[in-house]
Amino acid sequence: MSTLPPSLTPLASGTPGPLLSLTEAAVEKVKHFATTMPDSQGKPLRIFIQGGGCSGFQYGFTFDEKRADDHVIETGGIEVVVDPQSANYLKDARVDYVEDFRGAGFSVENPNATGGCGCGKSFNA
């Protein structure tokens with residue numbers, strides 16, 4: 001996983017509460033992937049931010065081992081982990097799974113993003 005560029009300052013977290021949320025469609029797709037991908041067995045879904053994409057940052061999704069400093073979200077029978085640096089950018093984000101004419105994949109509605117690009121896969125903050 002890439003680290004964020006040092007010149008950017010993470011956004012301050014807002015009010016206490018769940019770090020982020022997943023829609024029912026996203027939870028169901030994570031469950032599907034967890035049962036059909038052999039490497040995912042027994043691992044939580046990691047959601048992270050990395051440098052890259054058209055706008056500077058992009059979202060990443062992978063099944064991974066839990067680390068001691070991770071934020072842990074349990075929702076709909078799944079476990080999601082987020083590293084502390086990514087958590088600063090994902091506070092109050094909403095993750096959905098969308099299938100439309102552009103294809104299928106996870107979509108993030110992120111109130112911390114100050115802009116994005118047409119592909120919908122990257123953002124700036």
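What you're looking at is a predicted model, where local features need pLDDT of at least 70, side-chain atom pairs count only at pLDDT 80 or more, and totals for chains, interfaces and linings use all residues. Residues are numbered from 1 along each chain as its sequence is written, and side-chain values use heavy atoms, with hydrogens and water left out.

**The overall layout**

- The protein chain has two helices and nine strands; these are DSSP runs numbered from the N terminus, with helices being H or I of at least four residues and strands E of at least two.
- Reading from the N terminus, the order is β-α-β-β-β-β-α-β-β-β-β.
- Of the chain's 125 residues, 37% count as buried.
- Take the contacts (heavy atoms within 4.5 Å) with a separation of 6 or more: 56% of them join residues 24 or more positions apart.

**Aromatic pairs**

- Rings of Phe, Tyr and Trp (its six-membered ring) pair if their centres lie within 6.5 Å; planes under 30 degrees apart are stacked, over 60 edge-to-face, and the rest tilted.
- That rule gives five aromatic pairs.
- One of them is Phe57 with Tyr89, a tilted pair at 5.1 Å centre to centre with 45 degrees between the planes.
- Phe57 sits in strand β3 (residues 57–63) and Tyr89 in helix α2 (residues 84–90), so this pair ties together parts 32 residues apart in sequence.
- Phe57 is buried at 1% relative accessibility, and Tyr89 is buried at 1% too.
- Phe61 and Phe106 make a stacked pair, 4.8 Å centre to centre and 25 degrees between the planes.
- This one also links distant parts of the chain, with Phe61 in strand β3 and Phe106 in strand β7 (residues 103–109), 45 residues apart.
- Phe61 is partly exposed, at 26% relative accessibility.
- Phe61 and Phe106 belong to one aromatic cluster with Phe33 and Tyr97.

**Strand β5 and its partners**

- Four of the five residues of strand β5 (residues 78–82) are buried, so the rest of the structure largely encloses it.
- Strand β2 (residues 45–51) pairs with β5 in the parallel sense over two bridges; strands pair if DSSP finds at least two bridges between them.
- Strand β4 (residues 71–75) pairs with β5 in the antiparallel sense over five bridges.
- Val81 in β5 stands opposite Arg46 and also opposite Val72.
- β4 and β5 form a hairpin with two residues between them, and Gly76 in the turn has a positive phi of about 55 degrees.

Conventions:
Buried < 20%, exposed > 50% of the residue type's maximum accessible area, 1.4 Å probe, protein only.
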